[in-house]
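Q: Please take a close look at one strand of this model, and begin with the chain around it.

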Amino acid sequence: MTCSSVIVEFSIDDKVLDVDYITKKLNILPKKSFVKGEIYQNDNMPKPRIRNFSLWCYSLRSEETYDAEKQIDKILEIIRSKETELLEIHKKYMECNYVLGIVLKIEDGIAPAVVLTPRQSQLLANNNITVSIDIYP
């Protein structure tokens with residue numbers, strides 16, 4: 001029997017964003033990044049498209065679990081240790097968005113639990129971080 005899994009990621013996006021600056025400022029290599037104007041195409045697209053925003057994204061590996069708390073805490077510890085740098089990034093890119101993404105892959109009809117504690121919620125609110133949850137059956 002396969003267990004459900006969780007991926008937690010932290011991303012920064014904006015219309016214009018220097019992803020190399022973000023990488024150097026945070027001293028973290030992103031899992032993925034791209035800049036506005038890049039041409040991209042995947043198997044589901046009949047023709048290439050042009051990216052209309054820039055993205056810097058760090059994510060943890062997929063983990064089989066029925067509770068997302070450990071992965072959420074791992075990312076939040078990184079965020080907590082980089083609060084000063086995140087503030088500096090936000091001063092430079094005032095329109096940038098910070099997003100904590102939680103991706104749930106459901107196996108055998110059992111979804112992993114997602115609970116945000118008051119301590120976690122406070123850290124997210126203090127840093128103006130939006131939470132996004134995606135669920136895949």
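What share of the contacts in the chain with a separation of 6 or more comes from residues 24 or more positions apart? After that, please describe strand β5.

A: This is a predicted model, in which local features need pLDDT of at least 70, side-chain atom pairs count only at pLDDT 80 or more, and totals for chains, interfaces and linings use all residues. Residues are numbered from 1 along each chain as its sequence is written, and side-chain values use heavy atoms, with hydrogens and water left out.

Residues 24 or more positions apart supply 76% of the contacts in the chain with a separation of 6 or more, a contact being heavy atoms within 4.5 Å. The chain has four helices and eight strands, taken as DSSP runs numbered from the N terminus (helices H or I, at least four residues; strands E, at least two).

Strand β5 covers residues 54-59 and has the highest mean pLDDT among the elements, 98; pLDDT is the predictor's confidence in each residue, from 0 to 100. The average for the chain is 95. Five of the six residues of β5 are buried, that is, under 20% relative accessible area with a 1.4 Å probe, counting protein chains only. Of the 137 residues of the chain, 36% are buried.

β5 pairs with two strands, where pairing requires at least two DSSP bridges. Strand β1 (residues 5-14) runs antiparallel to β5 and is joined to it by six bridges. Strand β2 (residues 32-34) is also antiparallel to β5, with three bridges. Leu55 of β5 is the bridge partner of Asp13 and also of Phe34.

Definitions and conventions:
Buried means under 20% relative accessible area, exposed over 50%, partly exposed in between (1.4 Å probe, protein chains only).
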